[in-house]
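Hi,

Here is the structure I promised to pass on. My notes follow below it.

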Amino acid sequence: MVAANAIAHEREGALSDSGEINSSYLLRFLGQGHNSEGASVLQLGGSDPDQLYVAAKTVYEMNQLHNQPEKSSRDKLEPPVFCDYTALNLNCGCPSSKVAGKGCFGAALMSEPQLVRQLTTSMHEGCQGTMPITVKCRIGTDDGYVFTKERYLARNEEEEYNYLKNFLLTVADGGVVTDFQIHARIAVLGKGLSPADNRKVPPLRYHHVKRLADELPELNISLNGGVDTLLDVKKELDDCKSLDGVMVGRGLAANPWAFAMADEILYNDKYDASDQLASTTVKNRMQVLNAYGQHVDYEESIWDAVKIRRFMTKAVSPLFAGEPNAKRFRIALDEIAGLPKQIMKQQTLSNGKGSNIREAMQGQPPLSELIMEAATTHLSEEALYRSPKESYEKMIYEYEQMGHQRHTFYVNSTYSGNATRDVINEWQEYRKTEGANAKCDNLA
């Protein structure tokens, strides 16, 4: 999520006297790298119609600029930094005190559906109607009472459902929004629950979201919350044919390879060697590492390795989640991420003064080579070359061996096996460690 007021503020500095935008001011909020990402949604946060209009207008203008080459600090043309968002989303679901409390947006907006309709209209007008406007929300909040699990379970579910349905109908009444992603929990704003607790303490009520999908076929309804595996996704879509989609967050980020079969499992889009797109179909994780290696080497040729290397290694760290020695692979990546900083320190000590990072890194192996060495050193050949289909079948087999039934789901909790939950918890702990290390790198 990007706060609308941050974009509006940066836009002021980005505008020249002639009214043209210097995109370098805005790339840290809106830039998407040097290759088009395809379909991608930018989530905006805010409660001021004017600021959201300016933010959406800025995204629209940046989209128009993305195919023009940028001038680098070395005064030569570089390939363009892409900004090619295909939709905008309004955050009406974040329970964080900084957002829903002091910020007065996020989940706090659920009590003001008329304002949300106005905000989405401003976004639609700001982008000149060139992008769909969608809304991410919860099924409600604890507005009007003090939340405890017992009190919540004793409340009238029909009233809760009607509250949610009224929110959607009011927002959609403007004709701008037809697409909603709904986290099937309430947001507890008054008790001081952390965002993490807000993802697990309030019970899940998938039946509200599925009922909306059945009763409001004119809207696109997607289910979110507690869905961690591809098995879970398929189960929910099979269970309610009216659902238009399922949104997965942490489960996908923690173990992306576990979703490599999504096209075939969910859409029956099977690999065909004669298909013209077959060359882009990922065959194994070694192929992913090779492609990613080209990307990271290009990025380090442009940017300061001290500042960006940790981001580069962090992105590939969960690729082998759940595999033997995956933790050793992540530790190796962490060591690789810290190398530029160590080299700079050594250069400073030997020269008695600061060194240029590009000069200091001369003669060092490229990042792609280091990542590949870490993978081939710590991971088995079977893990590196196993196909998506083989990995999917292995996952199902392991769940069954542990005594877990496929697609297990209960009304107030989702259970996809301890292995999946352990992978996600491990990933979250790794994120915290990486975040601390990145701060240290930036302070150096």
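A salt bridge here is a side-chain nitrogen of Lys or Arg within 4 Å of a carboxyl oxygen of Asp or Glu. Please keep in mind that this is a predicted model, where local features need pLDDT of at least 70, side-chain atom pairs count only at pLDDT 80 or more, and totals for chains, interfaces and linings use all residues. Residues are numbered from 1 along each chain as its sequence is written, and side-chain values use heavy atoms, with hydrogens and water left out.

The whole structure contains 18 salt bridges. One of them joins Arg 211 to Glu 215 at 2.8 Å, N to O. Because they sit four residues apart in helix α8, about one helical turn separates Arg 211 and Glu 215 (helices are DSSP runs of H or I, at least four residues, and strands runs of E, at least two, numbered from the N terminus). Shared partners link Glu 158, Lys 165, Arg 211 and Glu 215 into one network of salt bridges.

Arg 211 also pairs with Glu 158, with 3.0 Å between the closest N and O atoms. Arg 211 lies in α8 and Glu 158 in α7, so this pair ties together parts 53 residues apart in sequence. Glu 158 is partly exposed, at 36% relative accessible area (buried is under 20%, exposed over 50%, partly exposed in between, with a 1.4 Å probe and protein chains only).

Elsewhere, Arg 117 and Asp 173 form a salt bridge at 3.4 Å, N to O. Arg 117 is partly exposed at 24%, whereas Asp 173 is exposed at 58%.

Best wishes
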